[in-house]
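Let's take a friendly walk through a protein structure, from its overall build down to single residues. Keep the picture open beside you as you read.

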Amino acid sequence: MAPRTLFDKIWDSHVVETLPDSTAILYIDRHLVHEVTSPQAFEGLRLSGRRLRHPDATIAVVDHNVPTSDRTLPIEEADSRNQIETLERNVREFGVPYFPLLSARQGIVHVVGPEQGISLPGMTIVCGDSHTSTHGALGALAFGIGTSEVEHVMATQTILQKPAKNMKVVVEGQVGPGVTAKDIMLAIIGHIGTAGGTGHVIEFAGSAIRELDMAGRMTVCNMSIEAGARAGLVAPDETTFEYVRGRPFAPKGKAFDEAVAYWKTLASDEGAHYDRVVELRAEDITPVLTWGTSPETVIPVTGNVPDPAAEADPSRRRQMQRMLDYMGLEAGQKIAGTPVDVVFIGSCTNSRIEDLRAAASVAAGRKVAPGVRAMIVPGSGIVKAQAEEEGLDKVFLEAGFEWREAGCSMCLGMNPDRLTPGQRCASTSNRNFEGRQGPGGRTHLLSPAMAAAAAVTGTLTDVRELI
Ligand SMILES: CC(C)[C@H](C(=O)O)[C@@H](O)C(=O)O
Ligand code: SF4
């Protein structure tokens with residue numbers, strides 16, 4: 001057999017049938033469900049008198065609409081309350097496993113899946129959510145689907161898919177101090193652009209990727225979608241197996257050993273074909289952040305905001321000027337030293353325990369700058385409890401951060417955590433388009449350590465000055 005990539009192997013082992021136009025019917029191992037993209041799907045099943053084909057391969061959780069303040073109080077906003085109550089009704093009626101709002105297992109769907117061992121190497125995993133790519137960090141083929149596909153998966157446990165192309169992004173070498181998985185991924189997106197991965201599944205490889213812990217790999221795969229890719233992948237290795245071992249839904253004992261033996265066969269074969277290969281040197285990557293309203297507008301924190309006048313293409317020039325105006329920045333200004341109003345540490349990109357530890361190590365013994373609102377939003381109740389066990393909540397509270405309940409929070413304006421017009425936010429999330437964190441809000445994407453540095457200095461700051 002010809003050498004195959006990790007993607008090819010997972011694909012081949014899940015094809016039920018390939019249709020003449022190369023569309024495959026793909027078996028789906030795990031279906032993750034949240035409140036935003038599931039209501040019409042459940043309604044569709046109801047109208048056609050269908051049930052879920054495999055409810056136990058499905059898990060539901062509420063995350064986008066949940067308030068991150070006291071959860072024992074009624075949810076004030078009618079639309080949010082309605083979406084949450086609708087999901088709760090649907091999971092009861094259709095017998096779908098569900099982590100309720102007041103359970104410690106509740107959290108952002110892309111934090112919960114890996115944390116519970118629901119997402120495992122070699123699986124196909126879907127969810128009506130673009131950042132499903134996160135789960136690719138385990139060496140699973142994980143991608144976002146639309147609401148009509150959600151219904152299709154519920155009814156059949158399969159999906160129709162055209163094969164994707166293979167792309168490999170290799171980061172060799174060792175990153176310097178203060179450079180995290182988030183910086184690596186932002187640097188990749190800055191390099192290949194938001195359309196760089198279009199039509200491809202990206203496999204991340206190279207020593208700098210191998211050295212990342214699972215949280216870091218999840219950060220990288222999470223933002224594959226911001227590079228235009230269909231999904232992101234990292235080949236499963238000892239780091240993966242040790243992460244999976246002992247998780248509630250993971251195989252146990254002999255079944256675990258057998259699973260590991262299989263997972264070890266998944267790595268791409270020597271000589272496997274990639275349609276595109278991109279290489280970066282880890283030593284060239286510094287702490288970075290975005291200056292504009294697209295995730296590809298990445299500059300080093302030591303850099304200056306670009307000048308549209310230097311751009312030859314007129315439409316690109318106009319677009320850059322619009323970004324500068326929206327972001328309230330001047331062409332050519334130094335980005336470091338720009339005052340921030342809000343700091344948001346959370347989202348499915350950067351709300352795991354490792355992310356909170358990184359932020360806490362910068363915040364420890366310091367104070368949030370006067371006038372800055374700084375929020376820590378753990379990715380799940382389990383992350384929150386772990387952080388409290390380690391005393392991180394105290395570090396944050398003493399420094400003047402808010403310590404909140406798990407959810408998508410200020411990553412997007414679907415719940416009470418929102419920016420007000422003109423507010424500038426240093427954010428560990430993954431999207432920075434106009435109004436993403438609230439109408440008129442200005443978002444700079446950066447790492448948890450850089451976000452903490454912004455909180456304690458009150459400005460966009462090179463974290464290396466604080467470590
Ligand atoms: C609401 C949901 C469909 C959406 C997504 O698909 O990604 C959200 O999670 C986001 O990050 O914008
Ligand atoms: S945290 Fe943000 S990116 Fe992730 S699922 Fe929620 S809204 Fe989407």
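## Helices, strands and the whole chain

Strand β14, for example, covers residues 298-300 and holds isoleucine 299. Please keep in mind that what you see is a predicted model.

How many helices and strands does the protein chain have? There are 15 helices and 19 strands. The radius of gyration of the protein chain is 21 Å, close to the 23 Å that the globule rule gives for 467 residues, so the chain is as compact as a globular protein of that length. Along its principal axes, the C-alpha trace spans about 55 × 55 × 45 Å. Of the 467 residues, 52% are buried. If you take the contacts between residues at least 6 apart in sequence, 78% of them join residues at least 24 apart.

## Three domains

The protein chain is divided into domain 1 (6-163 + 238-257), domain 2 (165-237 + 268-284) and domain 3 (290-465). Let's look at how domain 1 meets domain 2. Their C-alpha centres lie 24 Å apart, and 21 residues of domain 1 are in contact with 20 residues of domain 2.

Which elements of domain 1 supply at least two residues each to the side that touches domain 2? They are α1 (6-12), α4 (109-116), β7 (141-144) and α9 (238-244). Helix α9 gives the largest share of that side, five residues. Sorted by class, the residues on this side of domain 1 are 11 nonpolar, nine polar and one charged.

Helix α4 deserves a visit of its own. Seven of its eight residues are buried, so the helix is largely enclosed by the rest of the structure. You can find these buried residues as Val109, His110, Val111, Val112, Gly113, Pro114 and Glu115.

What covers them? The cover includes the strands β3 (30-33), β4 (58-61), β5 (98-99) and β6 (124-127), together with the helices α8 (214-222) and α13. Just after α4 comes glycine 117, which takes a positive phi of about 75°.

## Helix α14, buried along one face

Now move along to helix α14, residues 392-399, where Leu392, Val395, Phe396 and Ala399 are buried. Seen down the axis of α14, these buried residues fall within an arc of 90°, so they line one face of the helix.

Just after α14, glycine 400 takes a positive phi of about 100°.

## Two ligands and their shells

Ligand 1 is surrounded by Val36, Thr37, His64, Asp129, Ser130, His131, Gly144 and Leu412. By class, this shell has two nonpolar residues, five polar and one charged.

Around ligand 2 there are 13 residues, and the closest are Ser347, Cys348, Cys408, Cys411 and Leu412. Five residues of this shell are nonpolar, six are polar and two are charged.

## A closer look at two residues

Let's return to isoleucine 299 in β14. Is this residue buried, exposed or partly exposed? A residue is called buried at 20 or more C-beta neighbours within 10 Å and exposed at 12 or fewer. Isoleucine 299 has 18 such neighbours, so it counts as partly exposed. Leaving out residues up to four places away in sequence, isoleucine 299 touches Val288, Leu289, Trp291 and Ile335.

Threonine 302 is found in the loop between β14 and α11 (314-327). With 13 other C-beta atoms within 10 Å, threonine 302 is partly exposed. Again leaving out residues up to four places away in sequence, threonine 302 touches Thr286, Ala336 and Asp462. Glutamate 465 is 163 residues away along the chain, yet its C-alpha atom is separated from that of threonine 302 by 11 Å.

Methods:
Residues numbered from 1 in each chain as written. Chains lettered and ligands numbered in written order. Predicted model: local features only at pLDDT ≥ 70, side-chain atom pairs only at ≥ 80, totals over all residues. Helix = DSSP H or I, 4+ residues; strand = E, 2+ residues; numbered from the N terminus. Arc of directions from axis to C-beta. Rg over C-alpha atoms; globule rule 2.2 N^0.38 Å. Contact = placed C-beta atoms within 7 Å. Near = placed C-beta within 6 Å. Nonpolar A, V, L, I, M, F, W, Y, C, P; charged D, E, K, R; others polar. Domains from an automatic or database assignment.
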